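Hi everyone, thanks for coming. Let me put the structure up, and then we'll walk through two parts of it together.

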Amino acid sequence: MEAALQALRYAAAALGFSAAGVAPADADQGDRLQRWLQEGQHAGMEWMLRHLPARLDPQLVLPGVSRIIILTYEYPRASTRAQQGAVARYAQGEDYHKLLAGKLADLDETLQFYGGTQRCFTDSGPVSERFFAWQAGLGWLGRHGLLIRPGLGSYCFLASILTTLPLPCGTPMRNHCGKCRRCEQACPTRALRAGCCDARKCLSYWTIEAKEPMPPDIAAAAGERIYGCDACQEACPWNRAPHPRRIDPHLLMPAPFRTAAAPDLAAMDADAFNSFFSGSPIRRIGADHLAANIRNLAAGQGRA
């Protein structure tokens, strides 16, 4: 199986992935996720409850699964938006789900050559990708709950491949956060605690996932954020690493979005919005939600 792993890593590097690691599918995930859900910290993301059994038992996703392969794919660490209205780095370019799907299909073919059966996901299936990335030795889980990689930081997408092949596994990496709590201190709503993010307070949840209006106290802390939040990543010392030499140009913010004024974005009807954000992950929240986020930005300026 060493040859299969080498072939996978060679193919993954050729496709632009920055790393590939392997973890045992039966690694003990503990009860942390269950406790997080029981405490209601998932807010309105009820799908997490529905998918919990499969997330805890990968055999329910792919019978006969032996290993979970985790791949990392870099996205820009700097924002190039020239107008008000901050957007999370990961969402500034094309939708990563679609971008990585074809690449994962190619890797599936590589593993099929060695007799494997696979299922592939990019933040879209019942797989605890951050946990298995840690188990695979790609990094450790910081106090913000994200994967931190020595020399690279946390600005990366994670993709997963469940496979029946018994590939050699990596070794979990020791946590190097030490006593640092800068991510917790930087969170505008104090949503981070003990390595968990309480979605009920998280600006990423409220500007992207939430179906209900943003509570006044959360809105008051949103600042210029209109889609997502990178505050915890911006504060992390591990993200001071040099920018990677290779960034997929599809993940860079297109010029029309860089220069579009927030009021103009808020004024778009559904057709204009869908056309402007065609191929972008922002499209999925819809024109009304983005407009509400932008109105909150304007209200915040009025309160200042």
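How do the residues lining the second largest pocket divide into nonpolar, polar and charged? There are eight nonpolar, three polar and six charged. Here Ala, Val, Leu, Ile, Met, Phe, Trp, Tyr, Cys and Pro count as nonpolar, Asp, Glu, Lys and Arg as charged, and the others, Gly among them, as polar.

A quick word on the source: this is a predicted model, where local features need pLDDT of at least 70, side-chain atom pairs count only at pLDDT 80 or more, and totals for chains, interfaces and linings use all residues. Residues are numbered from 1 along each chain as its sequence is written, and side-chain values use heavy atoms, with hydrogens and water left out.

Back to the pocket (on a 1 Å grid over the protein atoms alone, an open set of points where a 1.4 Å probe fits, with protein on both sides within 12 Å along at least five of seven lines; lining residues have an atom within 4 Å of a point). It holds about 340 Å³, the space filled by probe spheres set on the points, which are joined across faces, edges and corners. Of its 17 lining residues, Trp-206, Ala-210, Glu-212, His-289 and Ala-292 lie nearest the centre. Helix α14 (286-303) gives the most, six residues; helices are DSSP runs of H or I, at least four residues, and strands are runs of E, at least two, numbered from the N terminus.

Now, strand β7, residues 156-163: eight of its eight residues are buried, so the rest of the structure largely encloses it. Buried means under 20% relative accessible area, with a 1.4 Å probe and protein chains only. β2 runs antiparallel to β7, joined by eight bridges, and Thr-72 stands opposite Leu-158.

How values were computed:
Buried < 20%, exposed > 50% of the residue type's maximum accessible area, 1.4 Å probe, protein only. Pairing = 2+ DSSP bridges.
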